[in-house]
Amino acid sequence: MAFDAHLEALKRKHLAMSDAVEQAQRSPSIDGLQVATMKKEKLRLKEEITKLSS
């Protein structure tokens with residue numbers, strides 16, 4: 001059960017990061033480096049989810 005909860009938490013974090021990246025890309029006050037950092041974190045989460053799902 002703890003494994004499923006961890007996987008779901010990762011999926012929620014990935015979705016939240018996806019929303020944050022989209023919002024940041026629309027905001028002129030966010031620089032490209034911050035967006036790139038957010039995208040890297042989103043990718044890291046996606047890779048962990050994929051690894052745990054297979």
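A salt bridge is a side-chain nitrogen of Lys or Arg within 4 Å of a carboxyl oxygen of Asp or Glu. The exercises below use this term on a predicted model.

**Exercise 1.** Find how many salt bridges the whole structure has, and state which residue pairs with Lys11.

*Solution.* A search of the whole structure gives three salt bridges. One of them joins Lys11 to Glu8, with the closest N and O atoms 3.9 Å apart. Glu8 and Lys11 are three residues apart in helix H1, so about one helical turn separates them. Glu8 is partly exposed at 39% relative accessibility, and Lys11 is partly exposed at 38%.

**Exercise 2.** Determine which residues the salt bridges of Arg44 join into one network.

*Solution.* Start with Glu41, whose salt bridge with Arg44 has its closest N and O atoms 2.8 Å apart. Both residues belong to helix H2 (residues 32-53) and stand three residues apart. Next take Glu48, which forms a salt bridge with Arg44 at 3.1 Å between the closest N and O atoms. Glu48 and Arg44 are four residues apart in helix H2, about one turn. Through shared partners, Glu41, Arg44 and Glu48 form one network.

**Exercise 3.** Decide whether Ser18 is buried or exposed, and name its side-chain polar contact.

*Solution.* Ser18 lies in helix H1 (residues 2-26). Its relative accessible area is 14%. Buried means under 20%, so Ser18 is buried. The side chain of Ser18 makes a polar contact of 3.5 Å with that of Lys42.

Conventions. Residues numbered from 1 in each chain as written. Predicted model: local features only at pLDDT ≥ 70, side-chain atom pairs only at ≥ 80, totals over all residues. Heavy atoms only, no water. Helix = DSSP H or I, 4+ residues; strand = E, 2+ residues; numbered from the N terminus. Buried < 20%, exposed > 50% of the residue type's maximum accessible area, 1.4 Å probe, protein only. Polar contact = N/O pair within 3.5 Å; in protein donor to acceptor, adjacent residues only side chain to side chain.
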